[in-house]
Amino acid sequence: MHSDTDAGTTLNLGLTWLNRYASLGEEFSQAQAAQPLPSPYWVGQSPSAAKVLGLDTDWQASGELLQALSGNSVIPGTNPRASVYSGHQFGVWAGQLGDGRALWLGETDTGWEVQLKGAGPTPYSRRGDGRAVLRSSIREFLCSEAMHALGIPTTRALCVTGSDAPVWREEKETAAVVTRMAPSFIRFGHFEHFSYQGETAQLKALADFVIDHHYPQCRQDLAIQGNPYAGLLQAVSEKTAAMVAAWQGVGFCHGVMNTDNMSILGLTLDYGPFQFMDSYIPGHICNHSDTQGRYAFNKQAQVAYWNLYCLGQALLPLIDDQELALAALASYKTVFPDELQSRLSAKLGLQLRLEDDRALIETILALLAADRVDHTIFWRRLTHFAQDGVAAPVSDLFLDRSAAQDWLQAYAKRLTKEDANTAAAVMRQTNPAYVLRNHLAQQAIQQAQQKDFSELERLRALLDNPFEEQAGMERYADFAPQWASTLEISCSS
Ligand code: AMP
Ligand code: MG
């Protein structure tokens, strides 16, 4: 810790910082120093995130960076701040929330906003301690990077640093900080905040900021009847629809789709009690605290629309025309089913859209649900079936084998209308061999809690390449063990 204070003066990451969100002013974010974290250590690092951020190649060994990303020194040029937002949580207006434990360092000239999550209390911490525990930080780190590798829009994670400093949740845990990055961390809740306060000038400044930096086309061809704010609502609706369709395609449950966890760029944001489903159960609830199943797997599309409606409501003072706002939202209702159909067709290797395809898809989803078949394994085995025509590995997954065999026959017949090589190639890039199952994350967490980070690194590297079977990694593509179903993942993080 000897060089903590002067670390910041020499730290040169090869990055230039712009601090554009800070320039909006004090009503949007407050300067906030990080709370130091004693004797930090590296827990996990993502070379691919570092590369897109534009970090110097020696970053992984930098003791100065370790200190800075743990909140012990300030990276020159950054301006750590916490932003204010509000939101609807579990369908109820929750009032003011804000970055209670995330610090916004600024935005690099490479187009990435960088945040430290778990860097200590802020003016928006309410009763929280501003910290994040190692367990949840590892889950966010691994999942952000895994989602990116799956081609699903998401915030990224550069690294996790840890410390032995105690943090109290249901029991004593230890602190960690995730360095996460996104082109923007602005949430639906940022808009809701100013709108509910009746602060229309700030609402407009925020909307103009988002349009100027992220949706400039809303001033031109994406404007609806010349209205850029309606254009913005429609663009966000479409991005959100694409994101949720992508989730449905890989069996991903977000778990806490509150409006404050919804990204204005349609990125998967705020990884908490998320889960990649093991058995395909359409009504699966991954968040132990979600007793009503509001955020169940098969409710995600509806809930996203509900959230967009909240955004529409928040933007109404700017759109200034209810009909126009409703028209902008309506695009979700065509884009979501379209995107979902494309994702599911790709999972089956179908390029052409034929009349009976929908029935083919519905039948297999019903069979998967009836027999609670493992989602990832089914689709990966089907990928092999499309290539080699061997049915048993697929039909063996079902209790009702004859129904599965009948379906496979119909599917094989349908496949003959496609180019076989293209179909197989599309499926290999759509149906991953590996996803971040809860039990795999749990094993990496347990070892990391003993200061052994090798399993975490193995898993990260594996999930960086999820579409290719890797030698010796069969266990990671296998069924979840019995104990996985007893894992309870809650909002506690
Ligand atoms: P989440 O459920 O993680 O999306 O968090 C909801 C709100 O609670 C956000 O405003 C967070 O910043 C805040 N929050 C969650 N955990 C903490 C914590 N340990 N300390 C301070 N604020 C927190
Ligand atoms: Mg959140």
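Colleague: Which residues come nearest to ligand 1?

Modeller: In this predicted model, Gly98, Gly100, Arg126, Asp129 and Gly130 come nearest, out of 16 residues around ligand 1.

Colleague: What does aspartate 129 do there, in terms of distance to a nitrogen atom of ligand 1?

Modeller: A polar atom in the side chain of aspartate 129 is 2.9 Å from a nitrogen atom of the ligand. Glycine 130 has a backbone N or O atom 2.8 Å from a nitrogen atom of ligand 1.

Colleague: And how far is the side chain of arginine 101 from a nitrogen atom of ligand 1?

Modeller: An N or O atom in the arginine 101 side chain lies 3.3 Å from a nitrogen atom of ligand 1.

Colleague: Switching to the metal. Which residues coordinate the magnesium ion?

Modeller: Asn261 through OD1 and Asp270 through OD, at 2.0 to 2.1 Å; the ion is ligand 2.

Colleague: Are those two, asparagine 261 and aspartate 270, buried or exposed?

Modeller: Asparagine 261 and aspartate 270 are both buried.

Colleague: Now the largest pocket. How much space lies in it?

Modeller: About 780 Å³. Its lining has 32 residues, and Gln89, Arg101, Arg126, Asp260 and Ser493 lie nearest the centre.

Colleague: How does that lining divide into nonpolar, polar and charged?

Modeller: The lining of the largest pocket has nine nonpolar, eleven polar and twelve charged residues.

Colleague: Where does the largest pocket lie relative to domain 1 and domain 2?

Modeller: Between them, because domain 1 (16-182) and domain 2 (188-346) both contribute residues to its lining.

Colleague: What about cavities, how many of 30 Å³ or more does the structure hold?

Modeller: Six. The largest cavity has about 60 Å³ of space.

Colleague: Which residues line the largest cavity?

Modeller: Among them are Asn19, Arg20, Tyr21, Trp104, Glu107 and Glu113.

Conventions. Residues are numbered from 1 along each chain as its sequence is written. Chains are lettered from A and ligands numbered from 1 in the order in which they are written. This is a predicted model: local features need pLDDT of at least 70, side-chain atom pairs count only at pLDDT 80 or more; totals for chains, interfaces and linings use all residues. Side-chain values use heavy atoms; hydrogens and water are left out. On a 1 Å grid over the protein atoms alone, a cavity is a set of points where a 1.4 Å probe fits but cannot get out, and a pocket is an open set with protein on both sides within 12 Å along at least five of seven lines; lining residues have an atom within 4 Å of a point. Grid points are joined across faces, edges and corners, and a volume is the space filled by probe spheres set on the points. Ala, Val, Leu, Ile, Met, Phe, Trp, Tyr, Cys and Pro count as nonpolar, Asp, Glu, Lys and Arg as charged, and the others, Gly among them, as polar. Domain bounds come from an automatic or database domain assignment. Donors are N, O and S atoms within 2.8 Å of the metal (3.2 Å for Na, K and Ca); water is not among the atoms, so sites may look incomplete. Buried means under 20% relative accessible area, exposed over 50%, partly exposed in between (1.4 Å probe, protein chains only). A residue is near a molecule or strand if one of its heavy atoms lies within 4 Å of it. A polar contact is a pair of N or O atoms within 3.5 Å; within protein, one must be able to donate a hydrogen and the other to accept it, and residues adjacent in sequence count only if both atoms are side-chain atoms.
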